[in-house]
Amino acid sequence: MTKTFTNFLLILGISFFCIGEIQSQCCMTFQWPTLPITAPTSGDSVEINTCNFLGEYSEISSVVAGSSYTLEVTTTSAWVTVYSGSSPCGTYVIDGASPLTFTAPTAGTYYVHWTVDASCATDNSCETTTITENSSPPPPPPPSQCCMTF
């Protein structure tokens, strides 16, 4: 009987641990703005919207594989969860506090979910959201001096 009770407590404890992990991967169901935003390039920054609620997601198209991006709620503290693929809650990429910087593992469309915190709490106040492309092209190689004449 004691072994059964111990196993039950072990399973219960593992279940609580797993639930906490799943909750931090917030998946919202309302998209705003309704049309995709094109990912910026060459160190540019794009305002996604001036009135995103923390409880919505935004679609970002044309993300470049290997590029670094920063997603930010500029008007308050917030939590950001990122998915890629063909649906808003497709392949989980990363989550964390705003501003959140990540490197895109694949090219394509990404879905950015905005929430108050890792427990996926929501808030219906207008917040400004942005995306910045952080990668800069490598500097050109130095000129070759092998063939210069003096």
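Is Cys 26 buried or exposed in this structure? Cys 26 counts as buried, because its relative accessibility is 1%, where buried means under 20% relative accessible area, exposed means over 50%, and partly exposed lies in between, with a 1.4 Å probe and protein chains only.

Before I go on, a word on what we are looking at. This is a predicted model, in which local features need pLDDT of at least 70 and side-chain atom pairs count only at pLDDT 80 or more, while totals for chains, interfaces and linings use all residues. Residues are numbered from 1 along each chain as its sequence is written, and side-chain values use heavy atoms, with hydrogens and water left out.

Let me stay with the cysteines. A disulfide is a covalent bond between the sulfur atoms of two cysteines, and here a pair is counted when the two sulfur atoms lie within 2.5 Å. By this rule the count comes to 3 disulfides. One of them joins Cys 26 to Cys 120, with 2.1 Å from S to S. Cys 26 lies in the loop between helix H1 (2–23) and strand E1 (37–38), and Cys 120 in the loop between E8 and E9, so this pair ties together parts that are 94 residues apart in sequence. The names of helices (H or I, at least four residues) and strands (E, at least two) come from DSSP runs, numbered from the N terminus. The torsion about the S-S bond of Cys 26 and Cys 120 is about -95°, so this disulfide is left-handed.

Another disulfide joins Cys 27 to Cys 89, with 1.3 Å from S to S, and with 75° about the S-S bond this link is right-handed. Cys 27 is partly exposed, with a relative accessible area of 33%, and Cys 89 is partly exposed as well, with 31%. There is also a disulfide from Cys 51 to Cys 126, with 1.7 Å from S to S. Cys 51 lies in strand E2 and Cys 126 in strand E9, so the pair ties together parts that are 75 residues apart in sequence. If we count the bonded cysteines along the chain, the disulfides follow the pattern 1-5, 2-4, 3-6.

Now to the strands that the last pair brought up. In what order do the 4 strands of the open sheet stand? The order is E2-E9-E4-E7, and the pairing is antiparallel, where two strands pair if DSSP finds at least two bridges between them. E2 and E7 stand at the edges, each with a single partner strand, so one side of each is left without a neighbour in the sheet. Neighbouring strands of this sheet are turned by 20° against each other on average, direction ignored, with the axes being lines fitted to C-alpha atoms.

Going across the sheet, 6 bridges join E2 to strand E9, which covers residues 123–133, and in E9 the bridge partner of Glu 47 is Thr 130. E4 and E9 pair over 5 bridges, with Tyr 69 standing opposite Glu 133. E4 and E7 pair over 4 bridges, and here Thr 70 stands opposite Thr 101.

Tyr 69 leads us to the aromatic rings. Rings of Phe, Tyr and Trp (its six-membered ring) pair if their centres lie within 6.5 Å, and planes under 30 degrees apart count as stacked, over 60 as edge-to-face and the rest as tilted. By this rule the count comes to 5 aromatic pairs. Tyr 69 and Phe 102 form a tilted pair, at 6.0 Å centre to centre and 35° between the planes. Tyr 69 lies in strand E4 and Phe 102 in strand E7, so the pair ties together parts that are 33 residues apart in sequence. Ring pairs also link Tyr 69, Phe 102 and Tyr 110 into a cluster.

Finally, the interior. In soluble globular proteins, nonpolar side chains tend to be buried together. A nonpolar core here is a set of buried Ala, Val, Leu, Ile, Met, Phe, Trp, Tyr and Cys residues joined through side-chain atoms within 4.5 Å. The largest one has 19 residues, and those with the most contacts inside it are Ile 60, Leu 71 and Trp 114. Apart from it lies another core, of 5 residues, and among them is Cys 26, the buried cysteine with which I began.

Terms used
Axes are lines fitted to C-alpha atoms, for helices over the stretch in contact, and angles run from 0 to 180 degrees between N-to-C directions.
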